[in-house]
Amino acid sequence: ALAALALPVPQSALGPAEVVAAEPLTVAAPLDGVIARFHVTPNQPVTVSQPLFDFDDTTLTSQAAVAERTLGVALADLRQTGQGAILDRKQAAQVALLQAQVQLRQVELDYARSLLARIQVKAERAGVAVFTDANDWIGRPVVTGQRILQLADPAQTEVRITIPVRDAVVLTPGAPVTLFLDV
């Protein structure tokens, strides 16, 4: 009886498991906006530089057009004041201010164009696109940095097991695990 008490008793717990990517690449929103369309479907293999999804460009296109027009107005004001500065000292003092405004309007236009260049998000590496249904995302506003999908390497996977706290047992690295797949 004493010898039986000295034998180790294995502990076990049962919990749901999920096969997940070991080191997925998170694809986040590069700007605030609304997702217009997806070019891939969930679990579809993708290649490097393949388009994944697009943002709606309506707001960004109008911002770029407004910035372009305000730059044109600022340039016209600068030309007019520059011509009048030859005869009037007051207008000569305005030239530096108007040059600064032209530079500011140019920066605004460059920024609007840079945002327009980022409306199509492409894959940075090959893998499998892991995300929920595309219809859940289309028309949905997102913020910069929000995770949209993950690119996973199908050759690098691991099993994630979640065990309820009431069933928690002490596990050591390398402990044997039995996985029962239902799908």
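**Salt bridges at a glance**

Asp167 is partly exposed, with a relative accessible area of 32%; "partly exposed" lies between buried (under 20% relative accessible area) and exposed (over 50%), using a 1.4 Å probe and protein chains only. This is a predicted model, where local features need pLDDT of at least 70, side-chain atom pairs count only at pLDDT 80 or more, and totals for chains, interfaces and linings use all residues. Residues are numbered from 1 along each chain as its sequence is written, and side-chain values use heavy atoms, leaving out hydrogens and water. The structure holds five salt bridges, each being a side-chain nitrogen of Lys or Arg within 4 Å of a carboxyl oxygen of Asp or Glu.

**Asp167 and its partner**
- Asp167 forms a salt bridge with Arg166, and their closest N and O atoms are 4.0 Å apart.
- Arg166 is exposed, at 72% relative accessible area.

**A link between strands**
- Arg160 and Glu18 form a salt bridge, with 3.8 Å between the closest N and O atoms.
- Arg160 sits in strand E10 (residues 157-161) and Glu18 in strand E1 (residues 17-21), so the pair ties together parts 142 residues apart in sequence; strands are DSSP runs of at least two residues (E), and helices of at least four (H or I), numbered from the N terminus.
- Arg160 is partly exposed at 45%, and Glu18 is partly exposed at 46%.

**A link between helices**
- Glu68 pairs with Arg113 in a salt bridge, the closest N and O atoms being 3.9 Å apart.
- Because Glu68 lies in helix H2 (residues 58-84) and Arg113 in helix H3 (residues 89-117), this pair ties together parts 45 residues apart in sequence.
- Glu68 is partly exposed at 46%, and Arg113 is partly exposed at 43%.
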